[in-house]
Amino acid sequence: SHQLADWRQRPLPPAMREYAIMDTHYLIDIYQHLKYDLAQHKVANVKQVFDKSREVCLIRYVPDPFKPSGYKSLMNNRRTKSNLNETQEQVLKELYDWRDQVARQYDESLIFVCENSKLLRLALACPTTLTALQGLMQPMPP
C-alpha cells in the first residue's frame, strides 16, 4: 500500500499515481451522497456542516517552541545518563539542536529528520569517519 509512502517525491512513480487516482475516484460520489444525506437530516444541514468545516480549516498549527535542554529528556528516558560522558552529552546536545533546525527549515517532524534512538546512538559512538557514521545511520536521515 502507498498510504504511508513519501508523497513529496517528484515525479511520482506510476504505481503511486495509480494509487492516487484510485484513492480519489469516488470522492465526488461520496460528496454528493453526504450532501443529500445532510439535506434530509433534521438536526444539521449542509450550511452548518460547511461552516463547522471552515472553522476547523481556519485552526492554525503552531509548532512547539524549541527547548534547548530537551536533549536531557532523551538521556533520562533511555536511562543512558550514566553512560554518557561530557563529550557524548555535548554531542547529543548539538545533534538535538541540529535536528530541530533542520525540521523547522524543511517543515518536517523531528522523527522524520532523525529518530531519538539514532541521536543517542551517534552520541554514544561519536563516529569520526563517514563510513562509521553511515554504519550507525541506516537509513541515513535527509
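Helix α5 contributes the most to the lining of the largest pocket, supplying five residues. The structure is a predicted model.

**The largest pocket**

- The volume of the largest pocket is about 410 Å³.
- Its lining comprises 19 residues, of which Pro63, Asp64, Asp100, Arg104 and Leu110 are the closest to the pocket centre.
- Two helices, α4 (71-77) and α5 (86-106), each provide at least two residues of this lining.
- Sorted by class, the lining of the largest pocket consists of eight nonpolar, four polar and seven charged residues.

**Pro68**

- Pro68 lies in the loop that runs between α3 (46-57) and α4.
- Although Pro68 and Leu92 are separated by 24 residues in sequence, their C-alpha atoms are 11 Å apart in space.

**Gln88**

- Gln88 belongs to helix α5.
- With a relative accessible area of 11%, Gln88 falls under the 20% cut-off and is therefore buried.
- A distance of 2.7 Å separates the side chain of Gln88 from the backbone oxygen of Leu124.
- When neighbours within four places in sequence are set aside, the residues in contact with Gln88 are Asn83, Ala123, Leu124 and Cys126.

Conventions
Residues numbered from 1 in each chain as written. Predicted model: local features only at pLDDT ≥ 70, side-chain atom pairs only at ≥ 80, totals over all residues. Heavy atoms only, no water. 1 Å grid on protein atoms, 1.4 Å probe; cavity = no way out; pocket = protein on both sides within 12 Å on 5 of 7 lines; lining within 4 Å. Points joined across faces, edges and corners; volume = space filled by probe spheres on them. Helix = DSSP H or I, 4+ residues; strand = E, 2+ residues; numbered from the N terminus. Nonpolar A, V, L, I, M, F, W, Y, C, P; charged D, E, K, R; others polar. Buried < 20%, exposed > 50% of the residue type's maximum accessible area, 1.4 Å probe, protein only. Polar contact = N/O pair within 3.5 Å; in protein donor to acceptor, adjacent residues only side chain to side chain. Contact = heavy atoms within 4.5 Å.
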